[in-house]
Amino acid sequence: MCVEQKVWLNSYPNDVPASINADKYQNITEMFQETFSKYADKAAFVNMGHSLSYKELDEKATAFAAYLQVTLKMKKGDRIALMMPNLLQYPIAILGALKAGLVVVNVNPLYTPRELQHQLRDSGAKAIVAVTNFGNNLQKVISKTSLEHVILTRIGDELTPYKRTLVNFAVKYVKKMVPKYNLPGAISFKRALTQGKTLTLTPPVIENSDLAYLQYTGGTTGLAKGAMLTHRNIIANVLQVNAHFSPRTLVENEHAVTPLPLYHIFANSVSMMLIMYFGGTNLLITNPRDIDGFVNDLKKYPFTMMFGLNTLFNGLNNHAGFRALDFSHANFTIAGGMATQKHVADEWQRITGMPVVEGYGLTECSPVVAGGIHTQQAFVPSIGVPLPSTELRIVDEQGHSLPAGQIGEIEIRGDQVMKGYWQQELESKEALREGGWIKSGDIGRMDDQGFFYIEDRKKDMILVSGFNVFPTEIEEVATLHPKIIEAAAIGIADEITGERVKLVVVTHGSVTTDDIKKHCRQHLTGYKIPKVIEYRDELPKTNVGKILRRELRD
């Protein structure tokens, strides 16, 4: 069945509209004009103790756009890659690129040369903005790409002069985080901004149907593909998430924390653009894996809202310094990227007082399509209900809609759904069904109140003697063991049952395989109990923190 607002209206707050107007703005730049004017002197972003006001952000983005257009002769529709962690340079670069009418290609800075080459070649990027730390990898592949311009920035380049010198010296010479590279003709990002201030931007005509991003899929299920996201897609998702969650927020008084990387679509659309849309302030965490540094940043910032995901919450829950922070301003937390485990969310709320409200989406949907109700006071193990102007349904293998309670694949329809995959006509036809529906690749169900639940990723499902085994269930049970920190379940070949369950765990202290199996028997039926246990110091993850089951299977 097709789930519309009327199905779950009785369970949904009446302060959330049923729909949004995706054509409210002509392009992303126009969407932020009121913000730049109304909150000109307010801090938009904070990073490493330095803030960037909305006025400064607008001026620097315009200068960068002028440099791209006038000096580099880049034209509307040209692709520009951005390869950097969460720094003040990122919002300047992306807004500048969009003002110039370019198509942004977000690149994970931790890509191997092979992965980097694939994305740059596939996108046909003409320019790249990168942090010098990754210049060595770029040097290895640049001759095999269509890049014409390389713009480099150092970690501390947008900080005050004293701190800039200190940070850049420490990064290069003390921590030795900048391997030698040779990129003749590379341009300094700071110099580009300085020159851009003296130039005049001729704003291109940008329609909401024009491409804004080529956002590559995470690669967790195979070769990354470029999802073509238009200005209208991104605008729609910002307005949808705003309508869905903003009644819970402090709006312009919001002090958000963004530890997830901005090159990831969840952090980009929700953490960055949503907070900008209503004029909040955003603390950018450059390296969330440095928990000590992360906690020190939080000590100096009266945070009211945080974005994150299960592995991050789990790590912070177990950090004494985090538990000792002042949470008196904390309001709520939005989770995405992977399933949040209930015991992790419950512990998070016990420590911080913030309930975890889960959102769900995919790169191809800009990305959010559903979310928990903003009025909820505790974690609910559901992805919630569809966002305004969004429909979700459950279908069987033949694409037939299933009634409430039955398990099948989740399909989505809404203004945030991508145009298709870049230069992948067959892949696009496979993903996009007739009538505007897109296949999610996720297995789920809907209850009789219209709330949706993820059972698992379709390609991660384990088939044991004809029975479906969902890895998230095994992992949830495993991590209830007091000595298991993290766990990942995968299927491995078995001559008798087809597949059997293998559990890969990270533990603290001594725990035996028999102990783990005994623990699992208390909570799982026989065919779900892991037959093989592997111990590791850490699990492979994407830079967002999502566990790479595919890598474990390989």
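Guide: Helix α6 (residues 113-123) lies across β3 (79-83), β4 (103-106), β5 and β8 (211-216), and runs at about 150° to β8. Contact means heavy atoms within 4.5 Å. Axes are lines fitted to C-alpha atoms, for helices over the stretch in contact, with angles from 0 to 180 degrees between N-to-C directions. Helices (H or I, at least four residues) and strands (E, at least two) are DSSP runs numbered from the N terminus.

The model is predicted: local features need pLDDT of at least 70, side-chain atom pairs count only at pLDDT 80 or more, and totals for chains, interfaces and linings use all residues. Residues are numbered from 1 along each chain as its sequence is written, and side-chain values use heavy atoms, without hydrogens and water.

Visitor: At what angle to β8 does α11 run?

Guide: Helix α11 runs at about 135° to β8, and lies across β4, β8 and β9 (226-230).

Visitor: How do strands pair in a sheet?

Guide: They pair through backbone hydrogen bonds, either parallel or antiparallel. Here, two strands pair if DSSP finds at least two bridges between them. An open sheet of eight strands has the order β7-β6-β5-β3-β4-β8-β9-β19, with mixed pairing. Its edge strands, β7 (187-188) and β19 (420-421), each pair on one side only.

Visitor: How many bridges join β5 to β6?

Guide: Five bridges join β5 (residues 127-131) to β6 (residues 149-153), and the two run parallel. A127 has H149 as its bridge partner in β6.
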